[in-house]
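My notes follow in the order I checked things.

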Amino acid sequence: CPGGQSECPDGSTCCKLSSGQWGCCPLPEAVCCSDGVHCCPNGYTCDVAEGTCTQGDKTVIQLSKKIPAFKRITKVNTVVCPDNQSQCPDGMTC
């Protein structure tokens, strides 16, 4: 997600929640609705008042609900110690 602090599973889309935090829409390249709760498939328009996603004049489906995004885990770089068996975080002494 933007800012690099949160992430969503593959095949989902990062969207802002009403709380201001990032959430995940369980759809790829989804449209994030303005209510901060729902989302629609790519190519659809949110109709929050009706609780639907519309595409042109014909296709209408239910809005999808977002879920909270996961906190991104920062990977620690390690170095191999002289014994070639142990590892320490980069910047630490073996």
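Predicted model: local features only at pLDDT ≥ 70, side-chain atom pairs only at ≥ 80, totals over all residues.

The partner of C33 is C46, with the sulfurs 2.0 Å apart. I read -85° about that S-S bond, a left-handed link. C33 sits in the loop between strand 4 and strand 5, and C46 in strand 6, so the pair ties together parts 13 residues apart in sequence. C46 itself is partly exposed, at 23%.

Next I took C25 and C39. Their disulfide has an S to S distance of 1.9 Å. The link is right-handed, with 85° about the S-S bond. C25 lies in strand 3 and C39 in strand 5, so this pair ties together parts 14 residues apart in sequence. I noted 0% relative accessible area for C25. C39 is also buried, at 0%.

Then I went to C14. A disulfide joins it to C1, S to S 2.0 Å. I read -80° about the bond, left-handed. C1 comes in the segment before strand 1 and C14 in strand 2, so parts 13 residues apart in sequence are tied together. C14 is partly exposed at 23%.

I also checked the faces of strand 2. T13 and C15 are on the covered face, C14 and K16 on the uncovered one. Strand 2 runs antiparallel to strand 3, joined by four bridges. Opposite C14 I found C24 of strand 3. Five residues separate the two strands of this hairpin, and G20 takes a positive phi near 95°.

Last, I searched the whole structure for disulfides and got six.

Conventions. Residues numbered from 1 in each chain as written. Heavy atoms only, no water. Buried < 20%, exposed > 50% of the residue type's maximum accessible area, 1.4 Å probe, protein only. Pairing = 2+ DSSP bridges. Disulfide = S-S within 2.5 Å.
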